[in-house]
Number of protein chains: 4
Amino acid sequence: MTENGRLDVALFGAGRIGTIHAGNLARHPHARLRYVVDVHAPAAEALAQKHGARTASVEQALSDPAIAAVVIGSSTDTHAELIQRAAAAGKAIFCEKPVDLALDRARACARAVKQAGVVCMIGFQRRFDPTFAALKQRLEAGEIGKPEVLVITSRDPAPPPAAYIASSGGVFKDMLIHDFDIFRWILGGEAVSVHATGGCPGLPEVAAAGDLSHTAVTLRTRDGALCQINTSRRAAYGYDQRFEVLGSNGLLQAGNVRPTEVVAWSDQAISSDKPEAFFLERYRAAYALEIEHFFDALVNGTPVRTTIEDGIKALELAELATRSWREGKALECAV
Amino acid sequence: MTENGRLDVALFGAGRIGTIHAGNLARHPHARLRYVVDVHAPAAEALAQKHGARTASVEQALSDPAIAAVVIGSSTDTHAELIQRAAAAGKAIFCEKPVDLALDRARACARAVKQAGVVCMIGFQRRFDPTFAALKQRLEAGEIGKPEVLVITSRDPAPPPAAYIASSGGVFKDMLIHDFDIFRWILGGEAVSVHATGGCPGLPEVAAAGDLSHTAVTLRTRDGALCQINTSRRAAYGYDQRFEVLGSNGLLQAGNVRPTEVVAWSDQAISSDKPEAFFLERYRAAYALEIEHFFDALVNGTPVRTTIEDGIKALELAELATRSWREGKALECAV
Amino acid sequence: MTENGRLDVALFGAGRIGTIHAGNLARHPHARLRYVVDVHAPAAEALAQKHGARTASVEQALSDPAIAAVVIGSSTDTHAELIQRAAAAGKAIFCEKPVDLALDRARACARAVKQAGVVCMIGFQRRFDPTFAALKQRLEAGEIGKPEVLVITSRDPAPPPAAYIASSGGVFKDMLIHDFDIFRWILGGEAVSVHATGGCPGLPEVAAAGDLSHTAVTLRTRDGALCQINTSRRAAYGYDQRFEVLGSNGLLQAGNVRPTEVVAWSDQAISSDKPEAFFLERYRAAYALEIEHFFDALVNGTPVRTTIEDGIKALELAELATRSWREGKALECAV
Amino acid sequence: MTENGRLDVALFGAGRIGTIHAGNLARHPHARLRYVVDVHAPAAEALAQKHGARTASVEQALSDPAIAAVVIGSSTDTHAELIQRAAAAGKAIFCEKPVDLALDRARACARAVKQAGVVCMIGFQRRFDPTFAALKQRLEAGEIGKPEVLVITSRDPAPPPAAYIASSGGVFKDMLIHDFDIFRWILGGEAVSVHATGGCPGLPEVAAAGDLSHTAVTLRTRDGALCQINTSRRAAYGYDQRFEVLGSNGLLQAGNVRPTEVVAWSDQAISSDKPEAFFLERYRAAYALEIEHFFDALVNGTPVRTTIEDGIKALELAELATRSWREGKALECAV
């Protein structure tokens, strides 16, 4: 820790998500943003200047002994290498999901982290969303008894460009990886079977890219709980992030968040706001809270809630789902 | 039609659902309840007396030329024979779902109906629920564009007795047959694949009866629309009947109905009523409207909305789902 | 009671509300509609025929000893005379609100009813609305402690014709009389002060008729509870009937009723149905339940819930409110 | 402005609201907190240290030419003197409501501000609440036509200590001053009449302090729009801040904000969160946005939205309401 009680941090990635992290680091009492690293120099420069930090190369940032932690928000294909190098340099690591699109490289990262004995947290920010976290807490407090059925609805407002889809690793790794993490987190058990299917109704360009725009996944856990996930790359009304858990004694639902609580009564209908527009708005609080959690864990020496093992487990489910879809059959999970 | 402009009707079954139908027949301007037929004589007697009708045997009822229509609300194992005999007697037929638990017997009924040229309506009352029907109408009016994903939640408050389960034909025929009909009705296309799984979390007695208490079903239609159905035999909060359709331009949800619109604000929470208790309450209006539709169709010579073919299609899906579950794999549908 | 266990009834008024009552009488197991009386003969004829009844003059109906009860749904200016004649003839009386527009005539009716010792129920149907009645029951069960503040919102979809307004007795007697009854019923105490004001924003024709289209009334009860009523003759979105009670331990709200539970998510908003269109739809159940209550009370010899005294108390508040508005000051109530 | 493009600020008051303002100043790109002034030295010290500022006396802060603006969040009885001294020193002023409990002193402040030609903004933060501000914007865009009726519900979770009440200036100045500002802001016109009444049901200690715990106020504007305000010092379920505007073409409601969007379905009810606990939580965003607005106005030379005149107008209504209550009559407003 620095003399002023703050941990010096290097941020990799000055894009959309890096900018979010930079802002949250700036507001955090235990963090001090020192370096911004990005292959796109002007972006790094602008972000660094805004927060009183400097730009640096990967090597410079990792070789500075004053740097206690790195936050990795660069493109997916850089994650694995950065994790391994940061681990080797003894830095605490916060990395955006996914660890890597390839399971073997992700597992290599986990081994590197373990060998180095460094903290590594994966950015499954949804677990930090106030609504989702409150539901989880009430579930664990026994409010609805034992969870039996989880239904997840996860829809984006509009599909990403075809180029992005082509390099995304497919919808299950790119989009549902969050939902697989929610599944593991909420039902608290591993899957014994996975069935995935889907289609591209109205979005032939996604089909042309060899991917699915709409999916329907069913998972079963060892103790017989069920999970259904439905996702879409396009929802005319915006970003839709809901789930509900049926338990032996009741139901808990986690709903969307609205920008305002205005309700209009017209001669047509009674209308309230659409959900927050997209993930940056919907998970604004969650992004701040996950960074807070990371630094609290570092300062207090407590474990992080979303580990690299969680990242790998979610990736395994994404791979199984992809295979289930391609092979057109339900798959058992290796235990 | 009788001299007073009413169609004389024989009702088979004086149980719970028969009582509902009797009340609705009594209120209908085009129907006159003449006979109540039930193997349990006192029940038949009581119901007949309440509505100014008489008890009769099956034979008496069907051989009375004054009888224009029959309403079959007796136990499932009697449906097929009654349909066939009523068809042979030239009566218009309203029959509760399912046509029969066995597909071949159900198909024999359909052939008998066709040969006799009589009207035969199957009691898929959910299509007549004001909320579901309004959603369907708005969907057809193009409000949300082309339907892409249907998510159905269907939960009973508590499981039936083990004896009932043992003779029910299994949860897919007994309970999900309604949901399969909703699937066909809302997405307006036939399934090309079915995957069904389930479990009995917390309800080992259902497992012991060889059935599932909780199910998760996924269907895909010829034009790529997806449907997920989740059901449970037990919901601590009561009867839960919701579905939502994602279309290319928006989403339509059909929610539960509450007994009252009281909302209570306490130091714990803001609370509204649980849904209507069970199907007799939830579908009270639907039961009246389906009977109304049946007699309107008879009087006007217009087609009925839920035909015996619909009954058979839903039964086929129930059989496929049962096989999918037992064999642990997704199944293609014969086209 | 007749030999078949039914009370024979004469209905006065074959208009909109008379038609509602006729339908409810026809469905009631303890009532038999015998006569329909209306100065407009074709209306009386049509309604009588629909329900197997006969038309009659006032005299014929009241002089028939078989008639046990009368239901008065004719125009307001006929209420007082009919109540007095029916009381003199020893008939049980159900009369629509108001008893009369003039307090002295209304009080004369109350005396006549008392002298004759007949049952007289005033049609404050709102007390029988399932939502309002459930709230009242929960309030009495102590769910929110002692009531402290009542806020009533009461809006019509559109103003009646100017001619109607001119002969209506003014908005306080014509429209708010229901709200004054709700005030007395929910707070369970009499007013000690009344302040009323209002205006005609956007409805100069109401002002021209010497009346108010919008009102704001404040009442205080002997034990310090407060009530605010806001009403409007016009709400673009339809019929709005809500109230809420703040108690020492919480809040109870009674909301509007929607025709269906469809919710639509578009790129503009999330929208549900407007409230039921107008009073015939909103209070459909209440109209049936008040008639049921009336005949139950007659059959069981139990008291009716909305007496002629309630009708007079509400009228007194309407008069005070009218004076408060005209004189521009708050008024104390005579105790 | 300082060399780094920030305005140096002195904050008066290191209590609850001062702490909020300090945090928002710290996050603001155009503000730099230099001094914290508080008679309670340890509080000033702690808050100053947290944000890298220094403590100072009033004189030191106001005599430092580097200070461009002051934020006054100290106790009400200090507002007037601080406004006048800050105005004399040529500082831009942000001051919490009320300007002063006495109208003449408040008016003297307004004159001082005018003479000095400084910016002076009063902290009516509710106008900056995202829900309220969105409603206002939609109202101004004409969504519901001309506003006709405004109904404001404003309830605190629990009454302040008796000592506070005694020196608060009474509920109309202490609590409803916000609601009077909302009235003026939403209806966009001045009152022509005020009627106020109230009571202390269940809170005799408030009555003993010579104040009201519950109030009911009615206002009328020059063009005939009506406003009803109901307030309470105690709501078992927490902090309740809602209003609704009926317009000629529809209704707009501004509802409470919930901490999370979790909904629980139990065998008793369907329950969502209570509203945010109290004003610091409910208006968290509003407090940040008003400070943002103040500095934006300073930097851009644009007018502030809530002026000292607004503060005086609200205070005038509070005085009128107090008199109306004490004299037991409706009062006309001087125009």
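Which residues are buried in helix 6 (residues 130-140) of chain C? They are C:Thr131, C:Phe132, C:Ala134, C:Leu135, C:Lys136 and C:Leu139, where buried means under 20% relative accessible area (1.4 Å probe, protein chains only). This is a predicted model, in which local features need pLDDT of at least 70, side-chain atom pairs count only at pLDDT 80 or more, and totals for chains, interfaces and linings use all residues. Residues are numbered from 1 along each chain as its sequence is written, chains are lettered from A in the order in which they are written, and side-chain values use heavy atoms, with hydrogens and water left out.

**Around helix 6 of chain C**
- Helices here are DSSP runs of H or I with at least four residues, and strands are runs of E with at least two, numbered from the N terminus.
- The cover over the buried residues of helix 6 includes strand 13 (262-265) of chain B and, from chain C, strand 7 (147-155) and helix 9 (176-187).
- At the N-terminal end, C:Asp129 caps the helix, with a side-chain oxygen 3.1 Å from the backbone nitrogen of C:Thr131.
- Just after the helix comes C:Gly142, with a positive phi of about 90 degrees.

**How chains A and B are related**
- The same surface serves both copies, as 100% of the contact residues of chain A recur in chain B; contact means heavy atoms within 4.5 Å.

Notes:
Buried means under 20% relative accessible area, exposed over 50%, partly exposed in between (1.4 Å probe, protein chains only). A polar contact is a pair of N or O atoms within 3.5 Å; within protein, one must be able to donate a hydrogen and the other to accept it, and residues adjacent in sequence count only if both atoms are side-chain atoms.
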